[in-house]
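Subject: Structure handover

Hello,

Please find the structure below, with notes on what was found in it. The notes follow directly after it.

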Amino acid sequence: MKVRSEVITIGDELLSGSIVDTNSSMIAAILMKIGVEVHRMTSIGDEPQGIMDILLEASRRSLLIIVTGGLGPTEDDRTARAAADAFGRPLTLHEPSLQSIREFFDRIGIEMTSNNERQAYLPEGSKVIVNPIGTAPGFALEVGESVLAFLPGVPRELERMLNDEVLPELRRRFSSGQVILSRTLRLFGVGEAKMDQILHGALDGLSGLSLASLPRYPENRLRLTARANGREEAERLIETAEARLRERVGRWVYGVDEQALESIVQELLRRRGKRLAVAESCTGGLIVNRLTDIPGSSDVLDRGVVSYSNMAKTDLLGVPEDTLNGPGPVSAETAEAMASGAREHSKTDLGLAATGIAGPNGGSDSTPVGTVFLGLSDETNTWSQHTRLRGGRTNVKTLAATIALDWLRRYLLGENPDEYQTPWKR
Ligand code: ATP
């Protein structure tokens, strides 16, 4: 059964641009787990009449409505009152919720203020949705055939309550009985338009499958979703579809689902028994930052050197002054000297380096903004590659770090570093 469902996010700060509405997409992704598709998302300010209007409209057109925000203790938190007024269910004190709010404050050792009590007043007839990690309880209201679930705006609390409290109930109520599985392929090195063209018709003849292309700069993701009457069938569908996609775009796929590029690199370094040192100029430590985001990085990463000035390149990495004065700090020779210098100084197996001009200033005719040289060094060889990246400073840094990690990944898979291809390779 398909359920017409919608999401309403409440808060002036969503409309003023102070915060980005990430709750809606999180809710949609969580509902997808039980096959419930979201048909509409609305963000609305804290003004009570506006909230009442949207709640009433939604309850007329959708069977399931998830509402977030405005359940807090302050004056501008008006969601519960608006729901009470919209549906003629007066606010009444919910004693157990008041008790849990008191206990929450006892636990964290902070005195409870009287306005926190407001959070325990819920529209009559609502069912409480417990909030195990915050003060504001959520609540569910049945209006005619529709169910409205009101949850706090804080993403961490929302996620926990949705998964633990709301989903099991929805599964009982709305689940279609079908099994829904999804798998996401993560790609780097191919643009969305090209990928779309290459994939045209790839899944023809497979029913019960959908494919979404989800660009996440500078990467791309392809999410396959299968719906079937049993788990085995859903798994078979996903596998068949994945194989078809890989046939066409497999050379750009670096991981699946939650696997980040840096975690794949870490895993490969560990498997090959290699330790790495990184020397960064234009990326300012971004490569090492990404590698150290993954637990266990100390097993494979020895050090990262941010050698921004010429002097730092010479002092810390032994880049010859002749190289810096001749070819220059942004050159293949310097990238190679940085990579081999990092490796030799740290006595690691591998050195990886990035030097370039992130902009907006500092470019010249021969070395325009966006020019990046990467270096890679092992016990027997040193390689460099030249790319010319577009976009602002942050984009250049992000893309340079991603290309460096992808280049290292492919080297670790046994590919020849001289043959590395990206759309940005010059
Ligand atoms: P609280 O218990 O904290 O008072 P609340 O239900 O009142 O929860 P809000 O006050 O609306 O929620 O929001 C609390 C915080 O949660 C906001 O400051 C914001 O950082 C975050 N937040 C709220 N709505 C969203 C949203 N739609 N997307 C992402 N973050 C959000």
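Thr283 has a relative accessibility of 0% and so counts as buried (buried is under 20% relative accessible area, exposed over 50%, partly exposed in between, with a 1.4 Å probe and protein chains only). Thr283 is placed in the loop that links strand S13 (276-280) to helix H11 (286-292); helices (H or I, at least four residues) and strands (E, at least two) are DSSP runs, numbered from the N terminus. The side chain of Thr283 makes a polar contact of 2.6 Å with the side chain of Glu280. A polar contact is a pair of N or O atoms within 3.5 Å; within protein, one must be able to donate a hydrogen and the other to accept it, and residues adjacent in sequence count only if both atoms are side-chain atoms.

Before the rest, the basis of the values. The model is predicted: local features need pLDDT of at least 70 and side-chain atom pairs count only at pLDDT 80 or more, while totals for chains, interfaces and linings use all residues. Residues are numbered from 1 along each chain as its sequence is written, and side-chain values use heavy atoms, with hydrogens and water left out.

Overall, the chain has 15 helices and 17 strands. Of its 426 residues, 50% count as buried. Along the principal axes, the C-alpha atoms fill a box of roughly 80 × 60 × 40 Å.

Now the ligand. It is surrounded by 19 residues, and the closest are Asp21, Thr22, Leu71, Gly72 and Gly153 (a residue is near a molecule if one of its heavy atoms lies within 4 Å of it). By class, this shell holds nine nonpolar, seven polar and three charged residues. Here Ala, Val, Leu, Ile, Met, Phe, Trp, Tyr, Cys and Pro count as nonpolar, Asp, Glu, Lys and Arg as charged, and the others, Gly among them, as polar.

An oxygen atom of the ligand is 3.1 Å from a polar backbone atom of Gly70, and an oxygen atom of the ligand is 2.7 Å from a polar backbone atom of Gly72. The ligand taken alone exposes 610 Å², of which the protein buries 76% (areas come from the Shrake-Rupley method with a 1.4 Å probe).

Two peptide bonds are worth a look. The bond from Tyr217 to Pro218 is cis, with omega near 0 degrees, and Pro218 is in the loop between strand S10 (209-216) and strand S11 (219-228). The bond from Gly359 to Pro360 is also cis, with omega near 0 degrees; Pro360 lies in the loop between strand S15 (350-356) and strand S16 (371-377).

Next, backbone angles. Asp257 is not a glycine, yet has a positive phi of about 50 degrees. Asp257 sits in the loop between strand S12 (253-256) and helix H10 (261-272) and is partly exposed, at 32% relative accessibility. Lys347, also not a glycine, has a positive phi of about 55 degrees. Lys347 is in the loop between helix H14 (332-346) and S15, and is exposed at 74% relative accessibility.

Last, Val253 is in strand S12 and is buried, with a relative accessible area of 9%. Val253 and Phe188 are 65 residues apart in sequence, but 6.6 Å apart in space, C-alpha to C-alpha.

Regards
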